[in-house]
Amino acid sequence: MAAEQFKMTLPASLKAERRGKVAIVTLARPQKRNALDDATILGLETFFTSLPDDIAVALLHGDGEHFSAGLDLGELQERDITQGIAHSSLWHRAFDKIQFGKVPVVCVLHGAVVGGGLELAAATHVRVAERSTYYGLPEGSRGIYVGGGGSVRLPRLIGVARMMDMMLTGRTYSAEDGQAMGLSTYLTEPGEGLAKGLALAERIAGNTALTNFAVTHVLPRIADVDPSSGYAVEALMSSIAQADAEAKSRLADFLQGRANKVTRPE
Ligand code: 1HE
């Protein structure tokens, strides 16, 4: 199906639309609980690599009762080791285009966020969870292993011990637990996640492109390197950011009383 507003060809399992500077992509296979087949993974890669330059933020969410049931188990045919590596690498490539793509990505979660669905959510930058959300890694009990970057991204969010527990014992976490652990950073009532996600996306779209690049591309790289390299990269990034003409104009706005003050949390 062509996403008319974007001039890109996506599979039927994905819908795309734009609202101003925000590109919205919807997992649209609710009859299979938004299970992620190869076509959907390739479609996500297409979406995140083909965004027009005037898009500033993307928002990912899912149709139906659940965000995603993870890997499409119906496609899990006999693969030899080499084919298995290629399949996992496909997910890595596609999700890398989300985490290190052109724009920050807000994700709105509800219902089951399990297996590869949780790996997909972990590749995004800001996660909003409705209270219906629950998280699990059923790979452990299915005799398989995460393959969509979960071993890399999830320990950074919740720690190795919690991920081990989820995989070894099949433990699931509620939306409230996920919020406390850092799987989401916003919690909403059911049905209110999309509005909250869109409001956050608009806010992010108001940042300079340079700031959004620094936060999504440079910050996680700094967090991965030794402190002395991190300080050097941070010094360079902060210097580049403050030299930008838009930064200078925003600082002048504040100093002359034209910019918003920082307010207390709601
Ligand atoms: C699926 C899948 C799927 C549902 N692949 N078809 N993921 C899992 O182990 C999770 C498996 N799914 C579930 O536990 C449940 O389906 C849910 C809790 C997500 C939703 O339950 P429910 O009662 O709303 O739906 P359902 O009746 O279980 O499923 C509806 C249909 O979706 C049904 O098909 P139908 O033709 O009989 O109607 C299900 O078979 C289908 N369906 N989930 C394929 N996952 C890169 S490595 C990542 C590794 C993993 O992600 S492993 C984790 C896989």
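Between domain 1 and domain 2 the count is 1 salt bridge, meaning a side-chain nitrogen of Lys or Arg within 4 Å of a carboxyl oxygen of Asp or Glu. The side chains that form a salt bridge here are those of Arg-156 and Asp-224, at 2.8 Å from N to O. Keep in mind that this is a predicted model, where local features need pLDDT of at least 70, side-chain atom pairs count only at pLDDT 80 or more, and totals for chains, interfaces and linings use all residues. Residues are numbered from 1 along each chain as its sequence is written, and side-chain values use heavy atoms, with hydrogens and water left out.

Now for the domains themselves. The assignment, which is automatic or from a database, gives domain 1 as 4-205 and domain 2 as 209-255. Their C-alpha centres sit 27 Å apart. Where they touch, 7 residues of domain 1 are in contact with 6 residues of domain 2 (heavy atoms within 4.5 Å).

How much area do domain 1 and domain 2 bury between them? It's about 570 Å², with 52% of it on carbon and sulfur atoms; buried area is the accessible area (1.4 Å probe) that two parts lose on being put together, summed over both. On the domain 1 side, Phe-100, Pro-104 and Arg-156 lose the most area to domain 2, together 63% of what that side buries. So Arg-156 turns up both in that trio and in the salt bridge with Asp-224, if we go by the salt-bridge definition above.

Next, the ligand. A polar side-chain atom of Lys-32 lies 2.6 Å from a ligand oxygen atom. For Gly-116, a backbone N or O atom lies 2.7 Å from an oxygen atom of the ligand.

Conventions
Polar contact = N/O pair within 3.5 Å; in protein donor to acceptor, adjacent residues only side chain to side chain.
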